[in-house]
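Here are some questions and answers for a reader who is new to this structure. Each answer ends on the name or value asked for.

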Amino acid sequence: MNVLELKNITKKYGPLVAVDDVSLDVERGRVISLLGPSGCGKTTTLRIIAGFTSNDSGSLKIGGKDVSRLKPYERNVGLLFQDYALFPHMTVAQNIAYGLRYRGTQASGIPSRVDKMLSLVQLTGMERRYPRELSGGQQQRVALARALAIDPQIVLLDEPLSALDAKLRLELRIELKEILRSVGATTIVVTHDQEEALSLSDEVVIMHAGRIVQRGSPTQVYDTPADKFVAQFVGRSNWFSGLRRGGSGGVSSYVTGEGLEIRARSTPSEKRDSADLCVRPENIEIIDGAAAKVAEGADSNVLAGVVIDVAPLGADVHVVIELQGKVRLLAIRKNFGRVPELVSGQPVVALFSASDVLVF
Ligand SMILES: Nc1ncnc2c1ncn2[C@@H]1O[C@H](COP(=O)(O)OP(=O)(O)OP(=O)(O)O)[C@@H](O)[C@H]1O
């Protein structure tokens, strides 16, 4: 059953179309992220669902009921919004109980519900503290407890972890995921952080200029992006522009303006002579040029180059190589600790399969 149904939602600010004909159904218990560049309409969509912003057209149902005319507090929605901070003059317990009181929950039932929420976010014993007596991570957990306390039909999270430092953010991300799964909360998350969106969610909705351009599992949007925009936006990528020169056995051959030949297995949906070609950095293998005896099969790309930069980033090593003195490629290899280190100026060969080249 769909807990949330958006149909043809549009919101304009003067001539600007902030949300453009967005339709979105969300099943019970799913965690969905809205992802896209700044200004693409993510927050406006979330605010329309919450009831803070009214839509110009389209319909909005929560739990099968049209809620367009209901106030935010009448919508049975749990909110963790940036501009909806904890109440500083209330204790942790009072903050968590706030929504329950507001909704007329029987007073006798409130303490046990608050205890349950405190235990869920692992803050038992802190009920009498004030927000200023808590760390940033603890404050976010109280805010989550407050959002979940009312047993909402849908939970809306706006940049839930953005105020935290990188390490805490990662820890709390895992905790947040576990909590949302354990209570089976149907959730919509807006975040700028791609990794956060991809790791938290069952599905990702990619928005561009007010519209939904792709919806799919994190793996789908990364491995089979619907268009060039999604391919460029999600993850890192290297790009070539080429003219099709023929091909055989399901492999097309393209020649770039720099004279590089790139082979690709997939073909653009419309038959065109020119195409944009994308290869992900982790699919590029780098081999020491001096030692390279690479057999160039019809199914592979073997391109000679020179290392320009090597950045060891802990688990991964980012290597930039230059091909033909013009085109730069980023390759990401795992740091296994035993591969010989690459150095700037070293001649190398970049190797990637034709089936790893996306064609647009
Ligand atoms: N109250 C408002 N008045 C006028 N324009 C607005 C208003 N709110 C949002 N907009 C505009 O609508 C567009 C979508 O904004 P929105 O905040 O939804 O984008 P976003 O994808 O959440 O961006 P960000 O990632 O930067 O938060 C933007 O161009 C923004 O400037």
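Q: Which residue in β2 stands opposite Ile9?
A: This is a predicted model. Strand β1 covers residues 2-13 and runs antiparallel to β2, with eight bridges joining the two. The residue of β2 that stands opposite Ile9 is Val22.

Q: Which strands stand at the edges of the open sheet of four strands, and why is one side of each left without a neighbour?
A: The strand order in this sheet is β2-β1-β4-β5, with antiparallel pairing. A strand at the edge has a single partner, so one side of it has no neighbour in the sheet. The two edge strands are β2 (16-27) and β5 (65-66).

Q: What angle does the direction of helix α1 make with that of β2?
A: Helix α1, residues 42-50, packs on the sheet. The helix touches β1, β2 and β4 (57-62). Its direction and that of β2 make an angle of about 60°.

Q: Is strand β7 largely enclosed or exposed?
A: Ile154, Leu156 and Asp158 point one way from β7, while Val155 and Leu157 point the other way. Five of the five residues of this strand, 154-158, are buried, so β7 is largely enclosed by the rest of the structure.

Q: Which residue in β8 stands opposite Val155?
A: β7 and β8 pair in the parallel sense over four bridges. Together with helix α5 (residues 166-183), these strands make a right-handed β-α-β unit. Opposite Val155, the residue in β8 is Thr187.

Q: Is Asp193 buried, exposed or partly exposed?
A: Asp193 is found in the loop between β8 (187-190) and α6 (194-200). A buried residue would have 20 or more other C-beta atoms within 10 Å, and an exposed one 12 or fewer. Asp193 has 16 within 10 Å, so Asp193 is partly exposed.

Q: How far apart in space are Asp193 and Leu161?
A: In sequence, Asp193 and Leu161 are 32 residues apart. In space, C-alpha to C-alpha, their separation is 9.4 Å.

How values were computed: Residues numbered from 1 in each chain as written. Predicted model: local features only at pLDDT ≥ 70, side-chain atom pairs only at ≥ 80, totals over all residues. Pairing = 2+ DSSP bridges. Contact = placed C-beta atoms within 7 Å. Axes fitted to C-alpha atoms, helices over the stretch in contact; angles between N-to-C directions. Right-handed = clockwise from strand over helix to strand, strands pointing away.
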